[in-house]
Amino acid sequence: MLTNLLIASLLSLAAPSSSPEIVEGIQGYVPTPEVLESRQRFSDDKFGIFIHWGVYSMLGRGEWVMNTDKIRFSDYSILPGGFYPGNFDAAEWVSAFKAAGARYITITTRHHDGFSMFKSRWSDYNIVDATPFGRDIIKELADECHKQGITINFYYSLLDWCREDYPLGNSGHHSGRDESKANYASYLDFMCNQITELLTNYGPVGCIWFDGDWDHIKKKADGSYPDIDFDWGYGRIYELIHSLQPGCLVGNNHHRRTIPGEDIQLFERDVPGENTAGYSRTDVVSTALPLETCQTINKSWGFDINDHTYKTDQELIRLLVRTAGRNANLLLNVGPQPDGRIPALSLERLAQIGEWLSVNGETIYGTRSTLLKPQPWGVVTEKDNKIFLHVLEKPESGSIVLPLSLKVKSVRSFADGTELNFKRTKSELTVVLPESYDCSTDYIVEITVK
Ligand code: GLC
C-alpha cells in the first residue's frame, strides 16, 4: 500500500498533471489502416509545392498585407471585385510542378484574410461569387492533379480577419470588426461546414494543413509559451476530416507538440532539429509521424512584387537533401501573381530542381533517414539495400566513417558508378572519398549492402 502511494506520488512528480497531449485532439486516437498507408505514401513523396494565392496577390505585398497595412475589411473587400487572373491555367501549373519533381501540392483554400478560393455556400466571400473571374480554381487544380496523378492537399486558416464571429486573437486588429459579436461556436460550425465542402466536392484530398493556431497563443511573462490557450475544438475538426475521407491526413502548423488526431509534424522555415527562424519550439515528437518542412523560394509566401531574394537552385536542392536527410519532406512555396501566372524566376528554379531530381531522385524519393543523424559532412538517406551518403561539405580527412556494421557489396559514386575504396571493421565502415570531387550541390555515394 505504502509502496503504491510512493510510486503514485513519484509518478505525479514526473508527469505534470495537465499534459496537453491528452486534453486536446482526438482522445485515444488510433490511426486507421488508411491513415497509416497515407502516412507512408506521404513520407515517400518527399517533395511538394506550397501555393499561397489569394486576392492579396493584387497588392503585391504578401498574404499578410491586410494586417500589416492596417486595411479595414470594408476597404479590403473591394479587391475581389477586380480579381481576374486571366492567365490561370491549372494544367500548366500542375505540369510545371510535376516537372519539378513534386509529388504533391498544398494550396491555400482560405488564408487569414478569410477569402475562400473555392465556391462555398457558407460564405459569399469566395472566388466564384465575389470575383468577375467566377471560376473555382481549387476545383480546376484538384481535377488537374487527379488527372496528372499528383496529390492535392488543402491549406486552411484557422484564424479569420474578416468574420465577426471569429474571436479576436493576436492579429487582425485593424479590420474594423465588432468584437462583441465574437462567437467561437458559430465560427467552428462555419469551419466544419467549409471543411466538409472541401472534402466532399474535390475528390480525394491528401491532407488538410491548418495554420493560425498561434493567433491565440500568448507568451507567458517569463517568455515561455503555454501549451493551450484556446480551445479550437480540434477533436471535432479532426474527427470530421477522418470520417469524411478516412485516408486524409491532418497537419497543423501550430509550432507545438503534435496532438492526437494529427498525422504529420510540421516545421516552418527550418528543417527538423534546427530553429534558425524561431518557429520550431519543439523537436521531433514521434518517429511514427511523417515530418514536413515548409520554406519559401524567395522570402515571401504570398506574391511580393519587390521580393527578388530568390534562393539559388543549389541552395534549394541542398535544402531538399538536408530535409530528406532528416527524414522529412520539403514543401517549397510559390506565390502566384494576380494575373494567374507563377513568377518566371520561381518556374526557373522549379525546372532546375526537376532536372536534378530526374537524375538523383532515386536517392530521395521513397527513402528514409534513420540510420545516422545529420553529420558535419552531410546526411544519409536509405532505401531497400541502398544507403546514400549525401556529401555536402568535404570532410578534412578525405573519408567518412560510418559507425555501422554493414555487409557491403559495393561502394560507388552515384553519378558515374566509379568504385570507391572502403575499409570495414566489425563496427565501422570507412568510405574513402575520391581525390577530387564536386560537392557544391551534393556528391552522392551509393553503398549497396548485402
Ligand atoms: C506563417 C504565416 C502564414 C503562412 C504560413 C506558411 O504561419 O503567418 O501567412 O501561410 O506561415 O507556413
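**Terms and source.** I call a residue buried under 20% relative accessible area, exposed over 50%, and partly exposed in between (1.4 Å probe, protein chains only). Helices (H or I, at least four residues) and strands (E, at least two) are DSSP runs, numbered from the N terminus. This is a predicted model, where local features need pLDDT of at least 70, side-chain atom pairs count only at pLDDT 80 or more, and totals for chains, interfaces and linings use all residues. Residues are numbered from 1 along each chain as its sequence is written, and side-chain values use heavy atoms, with hydrogens and water left out.

**Helix H6.** I checked residues 90-99 and found Ala 90, Trp 93, Val 94 and Phe 97 buried. They sit on the same side of H6, because they cover an arc of only 90 degrees around the axis. The arc is taken from the directions from the helix axis to the C-beta atoms. An α-helix has 3.6 residues a turn, so residues three or four places apart point the same way. On the face turned away from the buried side I noted the exposed residues Glu 92 and Ala 99.

**Salt bridges.** I count a salt bridge when a side-chain nitrogen of Lys or Arg is within 4 Å of a carboxyl oxygen of Asp or Glu. The count comes to 20.

Which residue does Arg 322 pair with? Its partner is Glu 274, with the closest N and O atoms 3.3 Å apart. Arg 322 lies in helix H10 (residues 313-324) and Glu 274 in the loop between E6 and E7, so the pair ties together parts that are 48 residues apart in sequence. Arg 322 is partly exposed at 26% relative accessibility. Glu 274 is also partly exposed, at 26%. Arg 326 joins Glu 274 and Arg 322 in a network of salt bridges.

I then looked up Lys 386, which forms a salt bridge with Glu 362 at 3.8 Å between the closest N and O atoms. Lys 386 is in strand E10 (residues 386-391), and Glu 362 is in the loop between helix H11 (344-360) and strand E9 (378-383), 24 residues apart.

**Loop residue.** I found Thr 287 in the loop between strand E6 (265-268) and strand E7 (291-296). Thr 287 is exposed, with a relative accessible area of 84%. Its C-alpha atom is 9.3 Å from that of Asn 327, 40 residues apart along the chain.
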